[in-house]
Amino acid sequence: MLIEGEPGIGKSTLVQAAVAEAAEAGCQVFWGAGDELGQALPLLPFLDGLRVREPSANPRRTAIVGLLRGEVAADRGADVPAVLAEQLLALVAEQCAMRPTILVIDDLQWADQASITLWGRLARSARQMPLLLVGMMRPAPRRDDLLALRRVGDDAARLRLAGLTAAAVADLVADLAGGKPDGTLLRLADGAAGNPLYVTELIAALARSSGLTITEAGAAGLASNSAPSSLSAAIADRLGFVAGPVREVLRAAALLGMDFAVPDLAIVLGRGVADLVPAVNEACAVGVLAESGHSLGFRHPLIRAALYEEMPAPVRAAWHRDAGRALAEAGAPTDRVARQLLRAIGGPGDTAEPMDEWMLDWLDRTADLLVGQAPGVAAELLTQAVASPAGSARHGWLASRLADALYRIGDLVAAEQVANGALEHAADPDLRVDLHWTLAQCRMLAGLSAESLATLDRALASPGISARHRARLLVVAARTHSSLGEVEKAGRVAASALEAASEAADNWAMGWALHVLTLVTAVQGHVTNALPLFDRALTVTQSDPALTDLRLLLQINKAVTLGDLDRYEEALAAAGQARDLADQVGTAIRLDQAHCVLGELLFETGRWDEALAEVELLPANLKEPGVACCNLGVAAVISFHRGETGAARHHLATAVPHAERLGHRLITSLALARSLNCEHDGALPEALAALKGAFDGDTEEVEEVEDLLADAVRLAAETGDLSTAQALSRHAAALAAESEIPHRQANARYCRGLLDHDAAGLLAAAERYDDASRPLLRAKALEAAAEEFIGTGDRGQARDAFTGAVEIYTSLGAAADVARVQATFRAHGIRRGSHAKHRRAQSGWDSLTATEIKIAAFVQEGLSNPEIAAKLLLSRRTVATHVSHILKKLDVHSRTDIAREAALRTIASRLARGGDPGSFGGDGEPAGGHSSPSPRMNPRGPRPAPPGKSDSNASVKYTAFPAAVG
């Protein structure tokens, strides 16, 4: 809900009244607001509104606070505001999973760009969560991002408040004045144009000056003609009744913003909190201040603005400077000090005062944290800081931080200029490495990586360079070669970096060098050789908190690699470990990637319901584009196979804006889903084209698309495109040559069997797909073999292969495949035998999976989601998704309903067995539960389809993007 209106029209009052009884209705309310003084600081309305700085045992909140304080190390180049935004999205989702949530953000016109973007993302997903999202803003300023918010929802989700009607104004005046207003008072009130704040302040001003009179008949009228002529004048009149000492306190509070902490006010004034109590009490009594959560705040922004603007600009700037120093010396959070310094050094067009020595010292200590949290603020402050002549070590350090800040806000030209200028004077080796890193990042994004290599070569040729600094420069060079597609060169340079890093015992350089080597090794097709590199890299990064994100990246990529080798139990374990670590340290992007890999692992083995639970944890709008496309692709493929065409096409439509952001990057599951969409409509050439494009690029990348080979060859054969079928079949054979990986051998045999009409070869492919734990492709191979047996007249073998295919499709819930195969073979007189399984129910208790039945039993026992997650070794978010699926399948609305259904099911089961409905059955299982696993063809576990790559040399692995270029 987006509410608009002029200042004082009643936006906040309306929402406060609406949510007043939210707690009694079982809802939790969070309230934040944009602040004119804090609009340069990213995400401040959400950080304050969600109360993340308050003490909490919640791991997510602890992780966010750690990021804000710099206690949770972020990787070099990490976009901390983006990480914070993802963390806040996850926090909102977790809050919604616990209780229905109302999140209010007031004064959006003063919110920063990141907050507006986050509000928009939440607005697009609010209907998929128990979330009421409310935003309030003024008509001006007319920012483009605010105008875009109006297009997020429909007209019913927007409310524009107009002035009160004449009758409503009369009622308000009567209530405030204590009597029915006469014509003179009403005419005066008409000047407020229906603005309730103006009316309220007008009557209050008249009351303070004894300008109101009440007749014996109860009519209210004017006792004098001295009334405020405007809303600002009415507010000034209110402030005019505030005593001088109280007014000084209020001016200091105005420096801190709309809402402020009382200890901060005491620090700025240099007084004790107890000394402020009388002044604060008086300010509250006269309606200037009011409680705002655990802080105080001005009753209306116009009151703060009146106090702030009555001070001359030079006085305000000087007081901001003094306030910043007092807060810095007291150890206040970085954002609170920065807010004061921004106003102290002057705005655009102002003549800025030189920075004091204490400011430079404070920036020297906090620049890294400030650049990470608020690069725009850092760039403004650091630009002023480095305006002095170069030469000192501190100046070089601040210049390097300025270059980094400019890079992060996208000003690549300025960042390169600052970095080049600083390099001319930099003598410290660490500083030179840092500057070269920033230069390399800028040039890679600008497509000028070759220039970085020339600069790096000169730096590496410098005399007396240590092994540590040589290793770090080589890491930058290796990543640059990788970004240029020079895979072999990247590998050689990374190996040299690793050697130098090992000599220097530099874990940072060793970890990044090994990361590059894992990518290079995978791209070159030596998948098995990548595993020891992963293990070594994980050992190196284990003890260094600053390398946590890299460790997660390595762990996720290791899971993908194990899947590529058909070592699926290990792959699932590695992905689960990555998921748990990401959940523990609060890395939301990596957490989504881990869930994505788990979803694809489960999909490949036919554990489709569990796969859906992983990929549907969050709405697509709350995920980065690659993960969103991968998850939507998996969901669409499953839906097409299950005959849920509408749902499948909804997933594809949802993926479109995310795919557009990825450009030409391949997402295997999405390509398969698009192909199935065409095939469903009988457009086989278009279905082939949806897959064929993946093979048109660099042949080094063919391994990334091997999961498309089987379907591409099948479609090429069916459409008569034999040249394409032969070419792709040769690719499959090349990948299988000298390889013991089951799925590669299966692909080669399947493709060759289709082209040679070789039923025996197709059966052999089915066996190898079984060894590879890929039931869907095994069923396709059996289906193709049955068709070939029909062609040779061997009906016995045709029936066996047909029955095997149908049973697999049935176990997957692939109703569309079952219907297609039955229709095809019914024409040949082959039908399912009586032993074949029945189609699984789509709703009701019988539609629940084994995992869902276990969770329903635990819900019946009264366990919470975290307790269930601990028992089943799942994440809390996964359990929440399973609970959501159970509610939908049972068509109920609460956990109580689930518990009731589980209890009734248990009682009915025991009565049917002739047992006591009040006791456990003979198997000792909890109520409503059973221990049989979900249907799958092979117990060894799944392998993942590639989740997509971040650049042309990333193989199927995730790179460090967006934290860094992989």
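Among contacts in the protein between residues at least 6 apart in sequence, 68% join residues at least 24 apart, where contact means heavy atoms within 4.5 Å. This is a predicted model, in which local features need pLDDT of at least 70 and side-chain atom pairs count only at pLDDT 80 or more, while totals for chains, interfaces and linings use all residues. Residues are numbered from 1 along each chain as its sequence is written, and side-chain values use heavy atoms, with hydrogens and water left out. The protein has 45 helices and 11 strands; helices (H or I, at least four residues) and strands (E, at least two) are DSSP runs, numbered from the N terminus. Of the 966 residues in the protein, 56% are buried, a term that stands for under 20% relative accessible area, with exposed being over 50% and partly exposed in between (1.4 Å probe, protein chains only).

Strands of a sheet pair through backbone hydrogen bonds, either parallel or antiparallel; here, two strands are taken to pair if DSSP finds at least two bridges between them. Strand β2 (residues 28-33) runs parallel to β3 and is joined to it by 6 bridges, with F30 opposite L103. Strand β4 (residues 131-137) is also parallel to β3, through 5 bridges, and here I102 stands opposite L132. Together with helix α5 (residues 113-125), β3 and β4 make a right-handed β-α-β unit. Right-handed means that, with the strands pointing away from the viewer, the path from the first strand over the helix to the second runs clockwise.

Leaving aside residues up to four places away in sequence, V104 touches V15, F30, W31, G32, V134 and M136.

Two further sheets can be described. Two-strand pairing of β6 with strand β8 (residues 219-222) is parallel, over 2 bridges, and P181 stands opposite A220. The other open sheet also has 3 strands, in the order β9-β11-β10, and its pairing is antiparallel. Its edge strands, β9 (259-260) and β10 (289-292), each pair on one side only. Between β9 and strand β11 (residues 295-298) there are 2 bridges, and D259 has G297 as its bridge partner in β11.

Turning to the helices, 9 of the 11 residues of α16 (residues 334-344) are buried, so this helix is largely enclosed by the rest of the structure. The buried residues include T334, D335, V337 and A338. Among the elements that cover them are α2, α11 (244-256), α15 (313-329), α17 (357-373) and α18 (375-385).

The axes of α39 (residues 775-792) and α41 (residues 815-826) come within 12 Å and cross at roughly 5°. That makes α39 roughly parallel to α41, given that angles under 35 degrees count as roughly parallel, over 145 as roughly antiparallel, 65 to 115 as roughly perpendicular and the rest as oblique. Axes are lines fitted to C-alpha atoms, for helices over the stretch in contact, and angles run from 0 to 180 degrees between N-to-C directions. At this contact, E783, A786, E787 and I790 in α39 meet R820, V821, T824 and F825 in α41.

Most residues other than glycine have a negative phi. L43, in the loop between β2 and α2 (44-49), has a positive phi of about 65° although it is not a glycine. At 0% relative accessibility, L43 counts as buried. R51 lies in the loop between α2 and α3 (59-69) and has a positive phi near 55°. With 32% relative accessibility, R51 counts as partly exposed.
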